[in-house]
Amino acid sequence: MNTKTMKWLLQREFWEYKGSMFWAPLIVAGLLVLLMGGGLLYGLGQHFPSRLTIDGHTLESGGHTVRVAIDLQHKIARVASSAYLGAAAPLFALMAVVIFSYCLGTLHDERRDRSILFWKSLPVSDGMTVLSKAATAMIVAPLITIVLATVSSLLLLFVLCLAVSLNGVHMFGIVLASPDLYLSPLRLLALLPVYVVWALPTVGWLMLVSSWARSKPILWAVGVPLIGLLVVKWATFAMDNLAGEPSNLMHYASGAAARILTGVVPGIWYSFTGAPAALRPSDDGFDPGSLLTSSYGTLATADAWIGFAIGAAMLYAAMRLRRYRDEG
Amino acid sequence: MSSVISARGLTKRYGKRIAVDGIDFEIPAGRIVGLIGPNGSGKTTTLKAALGLVPFEGHLEVLGFDPRTQRDDLMQDVCFIADVAILPRWLRVKDAVDFVEGVHPRFNRERAERYIANTKLEPGMKVRQMSKGMIVQLHLALVMAIDARLLVLDEPTLGLDIIYRKQFYQNLLEDYFDEQKTIVITTHQVEEVEHILTDLMFIRDGRIVLAASMEEVGERYIEVMVSQDKVSAANALQPIDRRTVFGKSVMLFDSAGGVSRQQLAALGETRNPSVADLFVATMKGTYA
């Protein structure tokens with residue numbers, strides 16, 4: 001594997017999809033900071049409640065000074081510093097959409113505009129090209145999102161601290177001293193391998209359709225699983241009535257369809273394996289560390305790796321198609 | 001190694017239609033070969049097979065590699081412009097140069113920049129802002145800066161104006177070509193390339209109907225401006241083509257058919273035919 005070539009292939013993908021990979025999340029991040037931050041400042045600055053009840057503790061505001069019990073102050077700060085990345089949730093939703101459309105388009109676009117013959121005139125193998133596209137989808141795009149999410153959430157956290165400090169509640173010190181503040185972005189990074197494992201079936205399927213479909217890859221990508229589901233539904237309906245024995249086929253089929261269509265949504269692994277306790281709100285806000293361990297826990301299932309293997313096989317098939325397809 | 005491209009029984013079928021029909025040919029190193037044929041004759045398919053872009057039957061070796069199984073090795077030494085290839089619309093001139101420099105070990109950046117400086121292309125310009133001719137200029141600048149052992153040009157100058165076309169072929173001959181390199185060109189503008197070709201290959205209906213060096217062609221084919229009184233005598237020698245220019249009969253003879261140069265000189269003024277005339281005569285069906 002030639003790392004220099006790979007670096008240029010990734011650069012090439014970034015040039016081509018700069019709009020959806022970089023500018024779109026940047027604009028959304030900017031809007032988040034502007035709207036949510038502005039809302040926080042305005043809301044907390046103008047309308048800080050004179051009586052605020054949090055978790056059974058009642059805050060009394062005397063003039064503009066609020067005396068908050070120290071342990072409560074700590075609690076707010078802990079929740080803020082552990083959950084602040086949640087503010088960037090729209091960025092992760094956008095990322096899922098961007099990766100989906102990228103995978104569906106990337107091998108199709110180069111055939112449609114015939115630039116594939118230019119790329120193939122250079123000493124770059126099909127395997128490396130397809131790999132660079134998969135890496136763009138599963139590593140580069142998430143990394144960009146993680147960076148933008150961290151920066152925008154930190155800005156929002158800063159705005160929140162600023163807004164409450166104007167009202168006499170000083171959280172800066174506690175927030176800055178909280179290890180979660182620094183660990184949260186690292187936890188996101190640490191989740192990337194889990195993301196790759198669960199995203200690969202979807203990325204593989206979409207890129208396979210992208211390299212195979214003559215036109216309208218979206219119809220094939222969504223239509224084939226849906227029609228497949230309908231067929232299975234009909235078959236199981238008939239079987240149940242004739243054999244009188246309910247079958248599990250539909251269960252597996254809908255699971256497979258979900259895996260090849262929704263795998264690029266971050267955190268979707270919980271829906272494939274059942275949500276862990278950590279995601280439910282607890283007394284202490286929520287424990288982000290357990291999010292990491294429970295996510296890695298999903299990799300202990302056979303489902304995760306069966307999907308991974310099938311995803312890798314579809315990616316390989318996409319590469320073979322690109323290699324031998326006659327582009328007229 | 002003697003041959004750059006060596007084909008034996010090269011066949012390509014599209015369903016029932018045979019695009020390339022078991023052809024044999026050899027292209028030695030240090031040649032500039034014109035592969036010439038009408039549309040749909042199989043010339044592009046032949047080149048695609050040689051470049052590992054389509055599967056095929058038969059034996060084909062390019063620079064000692066099998067294009068079907070060793071394409072990645074082959075592409076280290078081969079470069080091409082496919083007739084329908086287009087640069088992607090989002091590509092900027094400077095990014096294109098950076099990218100090719102990054103992935104191609106034989107790319108000469110200064111040379112590409114020199115060619116680009118001769119055009120109206122700007123470093124920040126995107127392909128979508130360029131005219132058809134400018135896109136071709138960028139593509140040629142990139143390809144000409146690659147020191148490939150085999151360069152395949154399938155209709156490389158489509159969309160270029162005549163001044164740039166002439167300049168391109170001149171650069172190709174003076175700057176690019178040397179005895180270690182081999183160039184295969186297909187084009188409809190035969191008259192523009194015939195003076196740089198060393199070899200000629202005519203292809204028709206998936207078969208090669210003529211493969212010879214330009215010297216051999218010059219010796220073998222003779223065009224005669226036949227004097228009015230000798231037309232019937234000339235016709236008796238079975239010319240492969242005849243046409244009338246300003247009332248004079250111009251006949252094309254194949255000396256492989258048994259007529260000698262002396263015989264023909266007696267009929268009128270003799271000269272070497274142009275490749276275009278030879279091509280038209282060959283494709284007529286009177287000679288195959």
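1. A crossing of two helices is called left-handed if the near helix is turned anticlockwise from the far one by less than a right angle, and right-handed if clockwise; by that convention α6(A) and α8(A) cross in a right-handed way. Helices are DSSP runs (H or I, at least four residues), as strands are (E, at least two), and are numbered from the N terminus.

2. The model is a predicted one, in which local features need pLDDT of at least 70 and side-chain atom pairs count only at pLDDT 80 or more, while totals for chains, interfaces and linings use all residues. Residues are numbered from 1 along each chain as its sequence is written, and chains are lettered from A, and ligands numbered from 1, in the order in which they are written.

3. Helix α8 of chain A covers residues 179-212, and its 34 residues should span 50 Å at 1.5 Å a residue, which agrees with the 48 Å between its end C-alpha atoms; the expected span is 1.5 Å times one less than the number of residues.

4. Helix α6(A) has 40 residues and reaches 57 Å from its first C-alpha to its last, close to the 58 Å expected. A bend of about 45° is found in α6(A) at T136(A).

5. The axes of α6(A) (residues 126-165) and α8(A) come within 10 Å and cross at roughly 145°; axes are lines fitted to C-alpha atoms, for helices over the stretch in contact, and angles run from 0 to 180 degrees between N-to-C directions. Among the residues that meet are A134(A), A137(A) and P142(A) of α6(A), with L192(A), A199(A) and V203(A) among those of α8(A), contact meaning that C-beta atoms, placed from the backbone, lie within 7 Å. By class this contact has 16 nonpolar, one polar and one charged residues, with Ala, Val, Leu, Ile, Met, Phe, Trp, Tyr, Cys and Pro counted as nonpolar, Asp, Glu, Lys and Arg as charged, and the others, Gly among them, as polar.

6. Helix α4(A) (residues 89-112) also packs on α8(A), at an angle of about 30° and with the axes 6 Å apart, which makes the two roughly parallel. Angles under 35 degrees count as roughly parallel, over 145 as roughly antiparallel, 65 to 115 as roughly perpendicular and the rest as oblique. The crossing of α4(A) and α8(A) is right-handed, and its contact residues include F100(A) and L104(A) in α4(A) and V203(A) and M207(A) in α8(A). These contact residues divide into eight nonpolar, five polar and no charged.

7. The axes of α6(A) and α13(A) (residues 302-324) come within 9 Å and cross at roughly 135°, and the two helices are therefore oblique to each other. V130(A) and A134(A) are among the α6(A) residues that meet α13(A), where the partners include L315(A) and R322(A); the contact divides into five nonpolar, two polar and three charged residues.

8. Between chains, 19 residues of chain A are in contact with 22 residues of chain B. The largest share of the chain A side, six residues, comes from α1(A), and by class that side has eight nonpolar, four polar and seven charged residues.

Note on methods: Contact = placed C-beta atoms within 7 Å. Bend = angle between axes of the 7 residues up to and from the residue.
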